[in-house]
Every structure is written in structure tokens, then in C-alpha cells.
Amino acid sequence: MSRQNRPRYNPLPHLLSACAQTLRVKGRKAVSQYKNFRQDAGIWLKELYISLRRTAHHCHEALAGRRYAAPVSFLAVSGALGLVLTVTTLYTVSYAVYVDGENVGAVADQSTVIAAVASVEAMGSRMLGYEYTVDNDISYRYALTLRSDLSQEEVFEDYFSTKMDAVEEDDARLYQITVDGQPMGVIESKAEFNNLLRELKTVYTTGTTVSAEFVEEIQVTPVLLADEVLTIDQMRTILTENTTGETTYTVVSGDTFNAIAYRNDMSMSDLKALNPDVNVNKLSVGQVLNVKELIPRLSIRTVEAATYFEPIPCPVETRDDPNIYKGSSKIITQGVEGEALVTANITRVNGVEKGREVLSSETMREPTTTIKAVGTKPRPKTASNGYYKWPCRGKITSYFGYRRIFGSQSYHSGIDIAGSYGAPIAAADGGKVTFSGYKGNYGYLVIITHDNGTQTYYGHCSSLLVSAGQRVYQGQTIARVGSTGRSTGNHCHFEVRIRGSAVNPLNYLP
């Protein structure tokens with residue numbers, strides 16, 4: 001056969017077959033060497049890459065000089081190399097993790113699963129009260145996984161924690177109660193505890209209660225062991241007991257309302273709020289006062305829907321009056337308050353109001369105007385200022401209220417301020433002297449009636465410097481300290497009387 005009629009030789013099929021055969025041989029060789037998974041994976045990929053390079057070299061030699069084969073060989077080898085580079089970039093050799101035969105993820109290193117198991121076992125041991133172990137069957141299989149699909153430690157922690165929760169429900173028979181992180185004790189029945197919480201809420205709920213919740217955070221944690229198990233009644237006692245320590249005070253001889261408030265680091269208004277029915281000016285020995293707000297260990301916050309009538313204050317119109325001293329005023333026409341229908345949500349803690357949100361207010365009756373005369377007349381020096389100053393300086397030797405003196409218990413209608421004989425006594429406020437003379441147990445006494453009708457008494461004086469009917473100004477010396485009348489030493493007996501009744505002077509002195 002002539003050269004011209006001989007069929008053209010096409011090497012491409014043989015080339016592709018040789019490439020495929022080389023890949024199969026090298027691939028089988030790499031797999032057979034894959035004993036150590038992490039190390040051999042790199043060797044396999046490296047050898048595969050080198051083999052492809054060698055195959056490409058042989059292909060280029062075999063096709064050298066052939067005009068049509070060169071591009072084809074280049075494309076084939078390039079595609080194979082690109083495939084390998086793509087696989088090694090996006091994928092990684094990994095471990096598929098199976099727990100009790102179930103595939104739960106894939107990891108690059110078994111230490112990820114080991115760390116997750118250790119974390120869950122430590123947490124379970126703390127919660128269950130015994131050494132908890134993860135006894136699931138964990139196995140691994142080699143795999144090629146997208147790097148983005150590798151599982152993190154948290155995935156396995158969540159999985160094994162779910163298994164532990166099932167153990168808690170099956171095994172736990174005791175429950176640790178904590179309030180704001182503070183342990184209260186261990187009980188047997190979670191259901192009984194939930195009933196107790198509902199019972200505590202009902203104390204402060206009514207038919208208009210919108211919501212009721214505990215102020216503190218309550219946690220119920222399952223445990224298996226405890227040194228002591230409380231009954232539900234014991235837990236009730238713990239949760240409802242007072243947390244402020246001493247809450248009452250018993251009045252003794254010489255006590256005054258003001259002194260009791262001071263000793264308990266309270267204001268007069270706070271002490272009065274806790275004792276609304278107590279006459280602050282007449283305490284008796286043995287009387288019991290609340291000195292601290294009762295705060296149970298568990299406080300309950302309620303929201304109550306309320307509808308009520310609220311007064312609308314009268315607008316005030318002022319008019320100058322030259323017959324009234326400056327700083328003084330009087331009502332000419334007293335207005336009548338209006339009335340509004342209010343809808344509000346009232347927030348209370350343990351029954352004590354803490355806030356009020358007004359939702360709507362509808363005026364039912366408009367208020368009328370109050371007309372007040374305001375004084376423009378210059379105030380004389382002897383006019384009352386409406387407040388008191390100390391009549392003299394010294395230690396209080398006897399307080400207002402019941403006391404024991406001269407061998408018997410008696411009611412002391414003022415305070416005794418110790419002073420040296422002959423020390424000056426000043427008017428606590430301006431006003432008119434309505435008595436100046438000797439009066440029984442008071443000894444030498446001065447009584448000043450002030451512009452608002454109140455009176456101040458200055459007793460046991462050694463001498464008097466003013467006369468009845470005389471007007472005096474605030475701070476003016478009116479007498480001198482002595483020990484006349486029924487007295488145990490030099491002092492000034494000072495009284496404040498409102499509408500004829502003695503009140504505690506300490507409530508009115510700065």
C-alpha cells in the first residue's frame with residue numbers, strides 16, 4: 001500500500017487510555033499506602049500530582065511533532081491537574097463521626113469530639129451530683145469532606161447534652177432550689193414546689209390583677225444526692241422569712257419618735273409610713289414600732305388594673321392685701337376641687353405600690369377657682385416666721401414622752417436642754433408673750449403665743465426678762481437658765497403646743 005493511501009494514525013485514544021491507566025495504578029498505590037490517615041493523605045495527593053506531571057510529560061513526548069495532537073494533550077492534562085487542585089483546595093480528608101450508628105458530623109481531628117465529651121461529662125457531673133459519663137458508642141470513618149462542612153465542638157456538645165437531659169428526667173429524684181443564685185435547699189417534688197409558687201402569688205393577687213411575677217430569679221436544678229432534704233413546708237418558711245433582720249422596736253423610757261428614727265438610720269417620714277396608726281407625740285413604754293420594711297426572701301410584683309376618681313386641684317387666683325404682713329396670706333374664696341375618672345395600671349411589690357401608669361383620664365367635674373389674699377404690709381420684727389430655732393444650746397437630758405423620774409413614771413411634755421445657771425434663753429419664734437411668771441412644777445415660766453396660734457413654753461428659768469402682753473422677736477433673750485419648780489438641775493424645759501396639745505419639739509426644731 002502506498003504512503004498516500006495508508007490510513008492516518010490517530011494517537012488520541014491511546015493517549016487517553018494511557019493516562020487513565022496511569023491514574024488507576026497510582027491511585028491504587030496511594031490507597032494501599034493509606035495506613036496512617038493524616039500523613040498518607042498528603043502523600044497520596046502529592047504522588048497523584050507528580051504522576052500527572054510525568055504522564056503529561058510522556059504524552060507531550062509521544063505527540064511531539066504532531067500538529068493536531070498537541071492542543072488536545074494540553075487540554076486533557078490541564079483538566080486533570082485542575083481537578084486535583086480543586087479537590088485539594090475545597091475538600092479535606094476527615095473523620096465522619098458516628099454515635100450509636102448515627103452520623104452526627106465530620107471533624108478534621110478526633111480531639112474535637114473528645115473535648116466535647118469531656119465538657120458534657122463535667123457539666124453532667126455538676127448537675128446530677130454523681131460522676132456522669134458519656135457511654136454512647138462513638139466510631140469514626142475516613143471521608144473526604146468540604147472544609148466548610150466540618151463540624152465544630154459546639155455541635156457535639158449540644159448533641160451529647162440532649163442525651164444527658166434524658167438521663168436527668170429518668171434518674172433525678174431531688175431538686176436544688178436557688179434564688180438569685182443563692183441555694184435555699186433541696187426538695188423531693190418539683191410539682192409541689194410549683195404549687196407553692198402559685199400559692200405565694202395568690203397572697204397578692206385579686207380579681208383585677210393583670211399579672212403576677214417574682215422579682216427574684218428562681219432556679220430548679222435536678223440532683224441525685226443531698227445531705228438534707230426539706231419538706232415543702234420548710235421550703236415555704238425559708239422563702240417567706242424576712243431578710244432585713246430586726247424589724248420591730250419596743251419603746252423604753254425616754255424614747256421619742258425622732259430619736260428612734262435616728263437610731264435606726266431612718267427619716268421621720270419613713271418611720272411614720274411604717275407606723276401610720278401611731279401618735280408620734282405620745283409614745284408609751286412597751287409600745288412596739290415597725291422600724292424596717294418587711295421584705296420576704298421572695299418578693300412578688302403585681303400589676304393591677306384600676307379605675308378610680310381623682311380630685312382635680314383648684315386653680316388659685318392671688319390678690320394683694322395691704323392689711324396682711326408680707327409672707328402671709330389668707331383664703332378669701334375657697335374653690336371646689338374637680339373630679340376625673342382615671343384608668344391606670346398600678347404596680348405593687350408585696351402589696352406596696354411602686355408605680356402607677358395612667359392609661360386614660362376623663363374630667364367628670366371641672367374645679368372652681370380659689371381666691372387668696374397675699375400680704376404686702378411690711379412685716380414687723382416681732383412677727384412670727386412660721387418655724388422655730390433652738391432656745392438655747394446644750395445637751396438634751398430628757399426627751400419628750402414617758403419617763404421615770406423621782407421614783408415614778410410620768411409623762412414629759414417637752415424636752416430638757418441642759419445649760420449653765422444664768423445662760424440666756426431665746427424666743428424660738430416671734431410672737432406675743434401670753435404668760436410670764438411662776439407656775440407650779442414649771443417654776444418660772446414664759447409662754448409665747450405665735451401668729452399661727454401655736455405656743456412655746458420655757459420653764460425652770462432663774463429669771464424672766466419679758467412681761468405678759470409684750471411682743472418679742474425670734475432669737476430675743478426672754479429669760480435665763482435655772483432650776484426652779486420641780487427640777488433636778490439647771491436646764492431649760494422647752495415645749496411646743498399645737499391647739500393646746502403638747503407635741504414633740506424635736507419634730508419642729510432644725
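Analyst: The model is predicted, and the chain averages a pLDDT of 82, with 78% of the residues scoring at least 70. Two stretches fall below 50. In residues 1-7 the pLDDT is under that value, and the stretch makes two contacts in the model beyond near neighbours in sequence. Residues 29-38 also have a pLDDT below 50, but here the model contains 20 contacts beyond near neighbours in sequence.

The sheet is open and has three strands in the order E5-E4-E7, paired antiparallel. Its edges are strand E5 (182-187) and strand E7 (218-223), each of which pairs on one side only. On average, neighbouring strands are turned by 25 degrees against each other, direction ignored. In general, the strands of a sheet are joined through backbone hydrogen bonds, in either a parallel or an antiparallel arrangement.

The pairing of E4 (residues 174-179) with E5 is antiparallel and runs over five bridges. Within this pair, Thr178 lies opposite Pro183 of E5.

Two helices pack on the sheet. Helix H6, residues 190-202, touches E4, E5 and E7, and its direction makes about 170 degrees with that of E7. Helix H7, residues 232-240, touches E4 and E5; the angle between its direction and that of E5 is about 165 degrees.

Note on methods. Residues numbered from 1 in each chain as written. Predicted model: local features only at pLDDT ≥ 70, side-chain atom pairs only at ≥ 80, totals over all residues. Heavy atoms only, no water. Pairing = 2+ DSSP bridges. Helix = DSSP H or I, 4+ residues; strand = E, 2+ residues; numbered from the N terminus. Axes fitted to C-alpha atoms, helices over the stretch in contact; angles between N-to-C directions. Contact = heavy atoms within 4.5 Å. pLDDT = per-residue confidence, 0-100.
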